[in-house]
Amino acid sequence: MLSGNENPMMVSFKNDELADRIETGNASQNRFLIFGKARRLEGTYPLLLHQINTTMLTWKDLIAFSKNGNPIPDKRVMKTEPEWRAQLSPEEFRVTRQHGTERAFSSDMCSLFKPGLYECVCCGSLLFDGSRKFESGTGWPSFTQPIAENAIAYNADYSFGMVRIETVCNTCDAHLGHVFPDGPEPGGLRYCMNAVALRIRN
Ligand SMILES: [Zn+2]
């Protein structure tokens, strides 16, 4: 399994390319995303690549995680309530640390569709890649897959006679939103996120 870590690698360009976002691959089918706006002339350059997990999680996988245990995160960040309060805005604290929900259509992030990475507002861990964001019409930013299998943890809630799966940052336990099995194919997942729980990494 690949993680969401960033790894410096050497990349070769055969032709002059104006790269805003390039996807390439290697023999083991790993996929890499390159971000940058520099003009890359023919040659080999060290670049900071973002390596993403290509596993396609399904609803069955998420139910299994919630029942049998979540994937091990790359690291853990734990802080006290006063420390989170000091660091976050009142709305960020209410949503991420007190399992709140922001008002629908309250953020411009819903209609933002451009290449980019989305990180946890609490601990800065990468959670989503913009290429997996879609317009759900719900008023909350929605994604089809997390950036890595171990980026997010899943807690099932069986109350009210239905299964709801809460999503939390696997690094710091920030409440992010919920995931539902009515997303687009092929994965069929809809990660319905609170925009205040996310920050775009520049
Ligand atoms: Zn976090």
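**Working chat: contacts, a helix and a cysteine**

Modeller: Take contacts between residues at least 6 apart in sequence: in this chain, 59% of them join residues at least 24 apart. Two residues are in contact if their C-beta atoms, placed from the backbone, lie within 7 Å.

Colleague: What kind of model is it, and how are residues numbered?

Modeller: The model is predicted: local features need pLDDT of at least 70, side-chain atom pairs count only at pLDDT 80 or more, and totals for chains, interfaces and linings use all residues. Residues are numbered from 1 along each chain as its sequence is written.

Colleague: How many helices and strands?

Modeller: Three helices and 15 strands. These are DSSP runs, numbered from the N terminus: helices are H or I, at least four residues, and strands are E, at least two.

Colleague: Which residues of helix 3 are buried?

Modeller: E92, V95 and T96, in a helix spanning residues 90-97. They sit on the same side of helix 3, because they cover an arc of only 85° around the axis. That arc is taken over the directions from the helix axis to the C-beta atoms. Buried means 20 or more other C-beta atoms within 10 Å of the residue's own; exposed means 12 or fewer, and partly exposed is in between.

Colleague: New topic. Where is C172?

Modeller: In the loop between strand 12 (164-169) and strand 13.

Colleague: Why does C172 count as buried?

Modeller: Because C172 has 21 C-beta neighbours inside 10 Å.

Colleague: What is C172 in contact with, beyond four places in sequence?

Modeller: V77, C120, C122 and C123.
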